[in-house]
Amino acid sequence: VRLRAKSGLLIGKKVVITAGGTREALDPVRYLTNRSSGKMGYALARAAAENGAEVVLITTTARENIFGVEQVFVSSTQEMLVAVTHAFSDADIFISAAAVSDFKPAEFATHKIKKQTDSGLTLNLVQNPDILQTIGQSKKTNQIVVGFAAETQEILAHGKEKLIKKQADMIIANDVSKSDTGFSSDDNAVTILIPDHLPETLSKTSKIEIARAIMARIITLK
Ligand code: CTP
Ligand code: CA
């Protein structure tokens, strides 16, 4: 028997992490979503648990069970926001690794949308709440808020804008234009942005190693 999490720099700390792509229902049988696999969020949950934290993983995808990690399953952005707000009220760290849908259908059709002869369908979308920004703007002094920035161009500039706009303590900027990193890949390569610090690049490695490096950096933030 291996004893785990008996030591670690996050003992006594509660860490809330989101994972996966949110799903926005269109009608009873259809939804809009994205290509997120949830792997990065699960890797972060594992890295936090390895450091002895109490971890709440709010996720849209059911991947593996992790010792010391409580999983809360949600579907839509609105459900994720409610779950995060509740879990974060007495937490120390929030990491927003979910690929949150920016838009949702303006209306939910209570019955399955039927085809009309010879015509297509135009969807009306409205903006979803921004979970990271909501949490960043309302965090208490000792709470740490960390987000990601999925970019295909001007990664550092856009990442820095998100750091400020969302009042985050750290943004992990991610180039999602490359197919061997990001989204469903097992590997990732990121740049860590912290206010008043030079960017730090973590070159391509497994998501668990990236997660461990991110967690080590978060621990130094306080
Ligand atoms: N995020 C969130 N709620 C949203 C959209 C994004 O919490 N409605 C979080 C993501 O989990 C991520 C960070 O905000 O940690 C940045 O997400 P990203 O999609 O890169 O940025 P957006 O602010 O949505 O801007 P855009 O997609 O237009 O670049
Ligand atoms: Ca977005």
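Which helix and which strand each supply at least two residues of the shell around ligand 1? They are helix H3 (131–138) and strand S9 (144–151), where helices (H or I, at least four residues) and strands (E, at least two) are DSSP runs numbered from the N terminus. This is a predicted model, in which local features need pLDDT of at least 70 and side-chain atom pairs count only at pLDDT 80 or more, while totals for chains, interfaces and linings use all residues. Residues are numbered from 1 along each chain as its sequence is written, and chains are lettered from A and ligands numbered from 1 in the order in which they are written. The protein chain averages a pLDDT (the predictor's confidence in each residue, from 0 to 100) of 94, and the model scores ipTM 0.99 and pTM 0.95.

Of the 14 residues around ligand 1, those that come nearest are Ser-96, Val-100, Ile-131, Leu-132 and Gly-147; a residue is near a molecule if its C-beta atom, placed from the backbone, lies within 6 Å of it. S9 gives the most to this shell, with 4 residues.

In H3, the buried residues (20 or more other C-beta atoms within 10 Å of their own, C-beta atoms being placed from the backbone) are Ile-131, Leu-132, Ile-135 and Gly-136. Seen down the axis of H3, these fall within an arc of 125°, so they line one face of the helix, the arc being that of the directions from the helix axis to the C-beta atoms.

Strand S10 (residues 170–175) is mostly covered, with 5 of its 6 residues buried.

Key. Buried ≥ 20, exposed ≤ 12 C-beta atoms within 10 Å, placed from the backbone.
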